[in-house]
Amino acid sequence: MTLSQILSTISEEVNTSSINSCTQNLEKIGKALISYEKEHNNLPEWLSELHPNYLTDSTALICPADEDKGIPVLAYNTDPNLPVSYYYDFDPDYREWTNEERRVYDDANPVVRCNHHANINSESTFVKSLHINLSYSNSIYLSEVFWYKCPEKMYGSLQAAVIAYEKALERVSEDPNFFKLYPELIRLYVLAEKEKDVDILIEKFKTVMKPDEDIMRFRDYFTLLEMLRAGNKHNESLKLCEHLERTEQKNIWLKSLYREFAVTYEELGNKELADTYFHKYDSKREMLGKTAPDFSVTDMDSVPISLKDFRGKVLILDFWATWCGPCIGEMPNVMKIYDTYHEMGLDVIGINRDKDEEEPREFLNKYQLPWRQIFDGAEGPLKELYRVGGIPSLWLIDREGTIISYGIRGAELKKRVDEIIDENSSI
């Protein structure tokens, strides 16, 4: 994709100058990676290893939209040698998996990504992270977080994306790690008006899914449900949901099935039933706009802490664990929000959900987060009080103690905090 094409697809509210400079940086990094791989028959462990022999200007490793200039707010899983803004998908922890992805996607998947450019829809409160991707094949394209859901941009056209994903599935049609390709290819078939291929692919998936294996059953059924919806077969999706609800009453994933019901009813235009099942899936929805449940416990420094003590402040409750990568990945964003607004009346309470206190204590001793921490354990009372399932789970509470949101992260969380602080700027 050319730079002009990239710029034409983004909101006017994004700084196109920074996009321009960022894209130029990625072009330089791409050329350096090609030269490095030719000489070493492998890619470097860290992007900093490109400097100075392959990338003479180390400032190319800094995105102009990165306010921290490549210096991590929380030094976790970051380049050990130089400040680097860009996420490198070939670092040591993920090398084996990304090599497999590279084979499957024919080098179209990202090796370097930048997520410092927020794309804001000014007509709503929706904020999405705009990723600029450098692929192994040295092309640059835009995507949202899940790059594999943007194959038209990865391969340059709808037709090329169809061909590429068909080839990818030929390689890994029975590998559960790549079952996500099936619904994406269905979506491409619908766009390409290839209805017969939709039916063929659905039947093919039914032959490779493993509905008789307990550990796999619901995962594969969820993939099939996603395929049916992508193929506009909503009545078939509803029938499968109803069948699973009757036959899987003891399955631990039954609650997640309610979301499938809700989304299917939403597609069918039945808002009432959609809302009913969304509530069954996530009962936290009814807590929005209501007073946050109070608690009085002891924090990890053995000091009493109560939610009512924070009344008058904008508060973020951050349910997290050391084993949760996305939890740790969100902490730099929470840290920036805290540093920006703490003196204006914002605070954070961390609520840890590790099995024991040893891991979080080691983590907190190393990274010295400035807000108070509560150890709640894997099945603690605060998890039950706030009906927390998966983590990270971030709750935003206003100065009056009202729950404003839960489950939002990144740029969206920052925008909501901005709005609340602005509304109360005189306080």
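**Figure 1. The polar contact between the side chains of Asp354 and Thr322 in a predicted model.** The side chains of Asp354 and Thr322 are joined by a polar contact of 2.7 Å. Asp354 itself belongs to the loop that runs between β8 (346-352) and α13 (358-367). Although Asp354 is buried, it has no salt bridge, and the nearest side chain of opposite charge, that of Arg353, is 9.0 Å away.

**Figure 2. The surroundings of Asp354.** When residues up to four places away in sequence are not counted, Asp354 touches Ala321, Thr322, Trp323, Glu359, Pro360, Phe375, Gly377 and Ala378. Thr322 in this list is also the partner of Asp354 in the polar contact of 2.7 Å.

**Figure 3. Pro332 in helix α12.** Pro332 is found in helix α12, which spans residues 325-341, and it counts as partly exposed because its relative accessibility is 21%, whereas buried would mean under 20%. Once its neighbours within four places in sequence are left aside, Pro332 is in contact with Val73 and Leu74. Pro360, which is one of the residues that Asp354 touches, lies 28 residues from Pro332 in sequence and 17 Å from Pro332 in space, as taken from C-alpha to C-alpha.

**Figure 4. The protein chain that holds these sites.** The protein chain has 15 helices and 11 strands. Its radius of gyration is 23 Å, close to the 22 Å that the globule rule gives for 427 residues, so the chain is as compact as a globular protein of that length. Buried residues make up 48% of the 427 residues, and the C-alpha atoms fill a box of roughly 60 × 60 × 45 Å along the principal axes.

Terms used:
Residues numbered from 1 in each chain as written. Predicted model: local features only at pLDDT ≥ 70, side-chain atom pairs only at ≥ 80, totals over all residues. Heavy atoms only, no water. Helix = DSSP H or I, 4+ residues; strand = E, 2+ residues; numbered from the N terminus. Buried < 20%, exposed > 50% of the residue type's maximum accessible area, 1.4 Å probe, protein only. Contact = heavy atoms within 4.5 Å. Lys, Arg positive; Asp, Glu negative; His and termini not counted. Salt bridge = Lys/Arg side-chain N within 4 Å of Asp/Glu carboxyl O. Polar contact = N/O pair within 3.5 Å; in protein donor to acceptor, adjacent residues only side chain to side chain. Rg over C-alpha atoms; globule rule 2.2 N^0.38 Å.
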